[in-house]
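Me: I would like to learn how to read features off a model. Please take them one at a time, general idea before case.

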Amino acid sequence: ARDVMELNGYDVSSFDLRANMEIPADANILLIVNPTIDLLEEEVKLLDDFMNKGGSMMICLGAQETNEKYPNIQKFLDFYNIQYNYDRIKEYDTNSYMASNQYYIFPEIVGSEATLNVYGNISYLLTPNARSIRLLNKSKSFLAVNPLLRTSSLSKQEASVIGYDSTSGAAYIGASARSLATECRLVVLGSTDFMRDYILVNNKAYEADSSKFFIGLLNWLEGDYSRVNIEEKNYFVNILSITASQANFVAVLLYVLPALILLTGGIVYLKRRHL
């Protein structure tokens, strides 16, 4: 993600919010990616102040196999009518997950202002190990909240924390919010693995779409719709990655169809060998 951002002209640096208890004055966009512990209340206050001044932020929190909860992160998100669920999404639609792994899913990109630069330009967005996101039904006329990514109607959200129930059906795994009062912007994603190095190295066929999606959201956070995404030159040998339905089709072509041809030929031979 850092390489893609720097290639597209962003100055990227990291800082320890808890150690310094301040946000750098020159920060335009904050990224909180895969936090392992919850925020302190003092940190939430700093983020609130940053957003109230018209800041922009992206929070990515993927599915975890632990009982870790994030009440203070959720306290921050409640203001923007977005809620993280404690689950892991498993797909059952064969067009919506990678062959042999139902947790490596391909969600649908929902058309909205945040996806303006990428909607219709991405074939398959590989989003492994995702958790679902809920849009809260609280009337706030100063907020524009929209979904970004949606699973199929056959997906299942498997509860990952005791006390939460598993659910089935279409679910959101990405959302955006924009304040009409302060013009602050927020992107919330239920996956971090879609830009993780080892995932992209092992699935190079999807790297371009992942990078395009990521940088498109950053451009929206910055408020610039005119940027053109610059992709890194690919020096790796592409590995063929296919969906489950595509794998079934290939299996038919490679095994079932030749077997039918041989069987038909054998039947014809046995019927005509004494003619």
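Me: Where is aspartate 209?
Reply: Aspartate 209 sits in helix α6, residues 207-222. Helices are DSSP runs of H or I with at least four residues, strands are E runs with at least two, and both are numbered from the N terminus. This is a predicted model, where local features need pLDDT of at least 70, side-chain atom pairs count only at pLDDT 80 or more, and totals for chains, interfaces and linings use all residues. Residues are numbered from 1 along each chain as its sequence is written, and side-chain values use heavy atoms, with hydrogens and water left out.

Me: What does the side chain of aspartate 209 reach?
Reply: Look for a polar contact: a pair of N or O atoms within 3.5 Å. Within protein, one atom must be able to donate a hydrogen and the other to accept it, and residues adjacent in sequence count only if both atoms are side-chain atoms. Here the side chain reaches the backbone nitrogen of serine 123 at 3.2 Å. Contact in general means heavy atoms within 4.5 Å. Neighbours within four places in sequence aside, aspartate 209 is in contact with Asn121, Ile122, Ser123, Tyr124 and Leu125.

Me: How many salt bridges are in the whole structure?
Reply: The search finds 9. Take aspartate 49 and lysine 45, whose closest N and O atoms are 3.0 Å apart. Both lie in helix α3 (residues 41-52), 4 residues apart, about one turn of the helix. Aspartate 49 is partly exposed at 29% relative accessibility. Lysine 45 is partly exposed too, at 47%.

Me: Which parts does the salt bridge of glutamate 108 and arginine 150 tie together?
Reply: Their side chains meet at 3.1 Å, N to O. Glutamate 108 lies in strand β7 (residues 108-109) and arginine 150 in strand β10 (residues 143-150), so the pair ties together parts that are 42 residues apart in sequence. Glutamate 108 is partly exposed at 39% relative accessibility. Arginine 150 is partly exposed at 26%.

Me: Are lysine 204 and glutamate 207 buried or exposed?
Reply: Both are buried. They form a salt bridge, with the closest N and O atoms 2.3 Å apart. Elsewhere, salt bridges that share partners join Glu113, Arg178, Glu183 and Arg185 into one network.

Me: What is the phi of glutamate 183?
Reply: Most residues other than glycine have a negative phi, and most peptide bonds are trans. Phi of glutamate 183 is positive, near 65°. Glutamate 183 is in the loop between β13 (172-179) and β14 (185-189). Its relative accessible area is 37%, so glutamate 183 counts as partly exposed. Methionine 21 has a positive phi as well, near 55°. That residue is in the loop between α2 (17-20) and β1 (29-33). Methionine 21 is partly exposed at 31% relative accessibility.

Me: Which residues form a nonpolar patch on the surface?
Reply: Patches take residues with over 30% relative accessible area and no salt bridge; like charges are joined within 9 Å, nonpolar side chains (Val, Leu, Ile, Met, Phe, Trp, Tyr) within 5 Å. Here they are Leu260, Leu263 and Ile267, with about 280 Å² of accessible area together. Accessible areas come from the Shrake-Rupley method with a 1.4 Å probe; for residues, only the protein chains shown count as cover. Leucine 260 is in helix α7, residues 244-272, and is partly exposed at 47% relative accessibility.

Me: How many helices and strands does the protein chain have?
Reply: The protein chain has 7 helices and 14 strands. Of its 275 residues, 44% count as buried.

How values were computed. Buried means under 20% relative accessible area, exposed over 50%, partly exposed in between (1.4 Å probe, protein chains only). A salt bridge is a side-chain nitrogen of Lys or Arg within 4 Å of a carboxyl oxygen of Asp or Glu.
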